[in-house]
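Hi,

Here is the structure I promised to pass on. Have a look first, and my notes follow below.

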Amino acid sequence: MSRRSVTEVNTLRHPTGILVIGLIGFAFFAGIAVVSNTIGKNSTTTIWTTLIFLFFAGMSLAMVADYFFARHRLSADGLDYGRLTGQRGYIRWVQVRRVEYAPSMRWFKLHMPSGPPIRISAMLMGLPAFAQHVLAYVPAGRIDNSAKALLIETADGNLPEVWS
């Protein structure tokens, strides 16, 4: 973990590698879709192969969108969050109904009084500050036991394993 600037200490965001992977993935799969329907066209080229390549190109663009939109700001009062769709929101820590960790998806889920939960990826830069804020400002009874143990470890700088 490297030191973050003072202006970013309370910001959660994806590392630049996510943007790079998303752009390379989009260029690769969109390129294959174009080539397979032009100079590489043969009897195995179907609408389905093209759609599959375009699907993966679209998923790569979703990574790019998440890089730009999934930026969150922490404060003592609450969390200013962003969703993949570009929608922004704000929740006060005292409004959080439940905090869980989904190990299969590698994200923390903050359940709100209404609407879908806020998902905080374990890959975001600034996760220790997030863990410190949750432990300090969300009522302890609203934090799932397994999530609490992971938050304590993360607050100490021991990040969750995301690539296992």
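Let me start with the largest nonpolar core, which has 27 residues; Leu79, Trp93, Leu110, Ile120 and Phe130 touch the most other members. By such a core I mean buried Ala, Val, Leu, Ile, Met, Phe, Trp, Tyr and Cys residues joined through side-chain atoms within 4.5 Å, where buried is under 20% relative accessible area, with a 1.4 Å probe and protein chains only. At least two residues of this core come from each of β3 (78–82), β5 (98–102), β6 (107–111), β7 (118–121), α3 (127–137) and α4 (145–155). The top contributor is α3, with five residues. Helices (H or I, at least four residues) and strands (E, at least two) are DSSP runs, numbered from the N terminus.

This is a predicted model, so please note that local features need pLDDT of at least 70, side-chain atom pairs count only at pLDDT 80 or more, and totals for chains, interfaces and linings use all residues. Residues are numbered from 1 along each chain as its sequence is written, and side-chain values use heavy atoms, leaving out hydrogens and water.

Next, β3: four of its five residues are buried. Strands count as paired if DSSP finds at least two bridges between them. On one side, β2 (residues 72–74) pairs with β3 in the antiparallel sense over two bridges, with Arg73 opposite Asp80, and a hairpin of three residues links β2 to β3. β3 also runs antiparallel to β4 (residues 88–92), joined by five bridges, and Leu79 stands opposite Ile91.

Best wishes

Note on methods:
Buried < 20%, exposed > 50% of the residue type's maximum accessible area, 1.4 Å probe, protein only.
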